[in-house]
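Here are my notes from a pass through this model. Have a look at it yourself, then see whether you read it the way I do.

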Amino acid sequence: MKKSELKELMNEMTLAEKIGQLVQVTPDFFNQSGEITGPAAEWQLSENKLFQIGSVLGTHTAEQVATIQKSYLEESRLKIPLLFMADVIHGYETIFPIPLALASSFSSELTEEVARLSALEATRAGVHVTFSPMADHVMDSRWGRVLESNGEDPILSAELTRGYVRGYQGTDLETETERLAACVKHFIGYGAVQGGRDYNHVDLSPIELYQNYLPAFQAAIEEGVKLVMTSFNPINGQLMSLNRPLIKETLRQELGFNGVVISDWNALEELLAHRVVGDKQQAAAEAFEAGTDIDMMSDCYINHLAEYSDLDSHALDEAVYRILKLKNELGLFENPFRGIQEEAKPIEGALRIAVKEAAMKSFVLLKNDSDTLPIRTQQQVFLLGPKASSKDILGAWSWIGKTEQAIDLAEGLTEQLPHLTVGAAESWAEPSEAEYVKLSEEAKASDVVILALGESSEETGEAASKAEICLPEYQIKLVKRMAAANKNLVVVLFNGRPLDLTAIEPYAKSIVEVWFPGSEGGRAIAETLIGQHNPEGKLPMSFPRAVGQLPFSYQAYSTGRPLTEQNQQEKYVSKYMDVGNEPLYPFGHGLSYSKLSIEAITQSAEVLTEDEPLTIQATVRNDSAQAGNTTVQLYVEDQVSELVRPVKELKSWQQLTVAGNTTAQCTFTLTAADLGYVHSNLTRYPDLGKFRFFVGLDSQNTLTGQFELCEKSEGL
Ligand code: NOJ
């Protein structure tokens, strides 16, 4: 449809029809046969109002979408097609690893590919928009939603977010009907909920907001993301669905976003529980004034926005236009059944191969003493633990995922190991003493014991905050008992958040973090454990030593009294009395079966200017016969800055394959702009002067050098 036709359409719309476009409901609103019942009745929606609604969230099948769209187009006066949105977070039916796992790849090519393939499957089921990517900055793994995040580094998160948006949206949504429009969320600050408790209060300084929280959203906007979802939390005491300065000034003017702003589920009605509005009419009026275009699943707009006597008709037209424009960009006016293909080519096989590859790239080898891994296929292996034969490996957002089709670890290992014994699943909750004796005997008779431990999917994701992030007692006990029986203990961890592994770490020879690995998880893990695949993932979030270290980031700020190797015994330094300051496993950590290390670094100059970037070269050495992939990381520290700054910030990373018993090199280019940070005037620019840089295979063990950022010298 041409722009002029869209405008003509708007001219024909009544006030009620315009407001209807701003409303989003679940599919059960349309399960009507004659009389209005169910949720539509609760909202007292007349048939007229129902067929004015603009969008639907959370459909399950192509058939459901087709039925709703068909009846809607028959019944509604102007026949503006419905827009269908859903949470396609890491796959639709075929489930990829959780986003935090994908972030361990440090690869935006991977997030792009995962998003492209997820869109391929979701569009066939009639979905037009996904509520993804989640670009929230996170530092607190008590918050269950870290599972959906890209981890604790804002630059890494921005890069991965770019990949998702590109992969979902492609270049032209109208012709590429196998792509989805993306909705980046949650704008903004949701990851900073106090105490890591979901839906809790947030208080953030503007500097923090600009430095760490906005960059991933800015990246999504630069990639052309079509929608932004506001978060449940307040910033500066003002809830985000009412936060006019952050929506209208920061998001629209500063970041240049011109797409659709949607509230989160029922957030408008919840304004009453927050006690910032007196009734739904005030909620509707203030949310609209603040810049919320679509009201997701509350009846504030549909039942109360028209009552607002000061409703600005121009602003209403702009909001409606943004929604119609999105429908038009998706080609819905010409093709309201977009993407629904009855005779589509089967894709499941290809998807499952991609899922397995993505999973393998996301596993992080946390520890591997005495080269316990890889397992040799002739070894006698005993597999046990609550996750050994569990298909609960898809993750909390796999609402359409087919759990029964997931490959569990026992199935994956059975394909690879002729001498495998799997402990009986019944005994997992809390083995009795008699069962422990049997398990110990089996462990003693084996060459290697694999313990599959972790969290259930219900313990992770939305509304799954935890005050303790250790493994449960019975799992810790299992580790200790099995370690007493067999020293070759390998722990495979399935979880959605960094855990406190302090209690089990000394007992395991090897620990492999596999997150929630998705539909092909068991196979991907098995191939990794036997060395067909060499681990390469790196932690996108630090694993703390104790929950009391949270919130935590490797980007610790400088303190006047830093803890050093020399002052460990002194009292008045910044430290805990009961645990160290460092995490158990730092950001960027991840081992390989190859023996990789940074051998040397060289730099092109001592000085960097606006016109002359600095190049830093790193040589990575492989002291083993097996080729390995790794991610070389470059961090920087500003020696004198206007504001207090972190002692280390990731600036760049490079992925490298190092053949057996050789070295390989990678080159980083560092520009003046890379050194910028958000100053007291909320503007990002670098400080002139001295910097240190660090190159490592994680954020802690690094080689270091120095340079100076100078103004362009005269005569150059
Ligand atoms: C609430 C969640 O916060 C959000 O991330 C999700 O997209 C919506 N519900 C829709 O399901």
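The points below take the ligand site, then a helix pair.

1. Ground rules: this is a predicted model, where local features need pLDDT of at least 70, side-chain atom pairs count only at pLDDT 80 or more, and totals for chains, interfaces and linings use all residues. Numbering runs from 1 along each chain as its sequence is written, and side-chain values use heavy atoms, with hydrogens and water left out.

2. The residues around the ligand are Leu57, Asp87, Phe131, Arg145, Lys185, His186, Met229, Phe232, Asp264, Trp265, Met296 and Glu462 (a heavy atom within 4 Å). By class, that shell splits into six nonpolar, one polar and five charged residues (Ala, Val, Leu, Ile, Met, Phe, Trp, Tyr, Cys and Pro are nonpolar, Asp, Glu, Lys and Arg charged, the others, Gly among them, polar).

3. Now the ligand's oxygen atoms. A polar side-chain atom of Asp87 sits 2.4 Å from one, and for Lys185 the distance is 2.8 Å. An N or O atom in the side chain of Asp264 is 2.5 Å from a ligand oxygen. Protein covers 93% of the 300 Å² of accessible area that the ligand has on its own (Shrake-Rupley, 1.4 Å probe).

4. Helix 9 (residues 206–213) and helix 10 (residues 215–222) have axes that come within 6 Å and cross at roughly 50 degrees (helices are DSSP runs of H or I, at least four residues, numbered from the N terminus; axes are lines fitted to C-alpha atoms over the stretch in contact, with angles from 0 to 180 degrees between N-to-C directions).

5. Which residues of helix 9 and helix 10 meet? Tyr210, Gln211, Asn212 and Tyr213 in helix 9 touch Pro215, Ala216 and Phe217 in helix 10 (heavy atoms within 4.5 Å). By class, this contact has five nonpolar, two polar and no charged residues.

Terms used. A polar contact is a pair of N or O atoms within 3.5 Å; within protein, one must be able to donate a hydrogen and the other to accept it, and residues adjacent in sequence count only if both atoms are side-chain atoms. Helices (H or I, at least four residues) and strands (E, at least two) are DSSP runs, numbered from the N terminus.
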